[in-house]
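Hello,

Here is the structure I promised to pass on. Please open it first, then read my notes on its salt bridges below.

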Amino acid sequence: MIAMHDSGLGGLSIWRAVRAALPDWPITYLADQAYCPYGPRSRQQIIDRSLAIGHYLMSQGATILVVACNTATTAAISALRRELPIPIVGVEPAIKPAAAASRTGRIAVLATQATLASERVQTLLDTHANGVEVLRRPGHGWVEQVEAGELDSTLTRQLVADVVLPLLTQNIDHIALGCTHYPFLAPVIRELTGEQIALYDPAEAIARRVVSQLQQHGSDCQADASYRFITTAADTLPMASMLPLLIGDRYAVESLMLE
């Protein structure tokens, strides 16, 4: 079973790509909505939550874990790899391909404040952005708007415009989306940027990584595809009502009280 977790619903952008790449595999998706968003939380809180979730998903039969959250990846993936005896796939802003493809020598990365301030992002910049200027911009309020299903509201459009419009005068030619929630706002971003600025969504690259890891570890699917959705929120209705909007289908949602 492929297991995935995020602070909330943003990781469903990765879920879509993994399902498309591995349509025969069962997938369990856990949204830690009781603690969403992760951005303002301490690194240790994120590590503790990620480890508790990882152990739970292993107890449910996970053979691979996708940390479908940039903030959780930057904070907790090393701890997860130390503690869990299964392959762990994380996500990170697509700084490397954006920098390599840039013609103007200037790109932007949009992510939560915690991700942008992380050592992992600094390492990506030091390793892959030599000679390219990277403008780092947090999408304040974007995660909350996606969680609320406000993908195209007046407030959402204003929050996106506040970040994106100033970038249009900065001679950038690529934008890397560094939060799994942000691809759900790509249509609004694209309306502002037009086609002259490329948007990098890491979802398909992550799906390819999952396929590679399963092949490398000799994992074969032994069950028919089934999809399980879990939230740590007490009320499952908000997540259940969002699934048709974000992934196009309705599914039952379970509630898990995770200490």
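**Salt bridges**

Arginine 49 and aspartate 32 form a salt bridge through their side chains, at 2.6 Å from N to O. This pair links distant parts of the chain. Arginine 49 sits in helix α2 (residues 43-59). Aspartate 32 sits in the loop between β2 (27-31) and α2, and the two residues are 17 residues apart. Both arginine 49 and aspartate 32 are buried.

Please keep in mind that this is a predicted model. In total, the structure holds eight salt bridges.

**A network**

Which residues are linked in a network of salt bridges? They are Asp152, Arg157 and Glu191. Take the two contacts in turn.

- Arginine 157 meets aspartate 152 in a salt bridge, side chain to side chain (2.7 Å, N to O).
- Arginine 157 also forms a salt bridge with glutamate 191, where the closest N and O atoms are 2.8 Å apart.

What does the second contact tie together? Arginine 157 lies in helix α8 (residues 154-167) and glutamate 191 lies in helix α9 (residues 186-193), so the pair joins parts that are 34 residues apart in sequence.

**Accessibility in the network**

Arginine 157 has 31% relative accessibility, so this residue counts as partly exposed. Glutamate 191 has a relative accessible area of 54%. The cut-off for exposed is over 50%, so glutamate 191 is exposed.

Why do such pairs form at all? Side chains of opposite charge can pair when their charged atoms come close.

Best wishes

How values were computed:
Residues are numbered from 1 along each chain as its sequence is written. This is a predicted model: local features need pLDDT of at least 70, side-chain atom pairs count only at pLDDT 80 or more; totals for chains, interfaces and linings use all residues. Side-chain values use heavy atoms; hydrogens and water are left out. A salt bridge is a side-chain nitrogen of Lys or Arg within 4 Å of a carboxyl oxygen of Asp or Glu. Helices (H or I, at least four residues) and strands (E, at least two) are DSSP runs, numbered from the N terminus. Buried means under 20% relative accessible area, exposed over 50%, partly exposed in between (1.4 Å probe, protein chains only).
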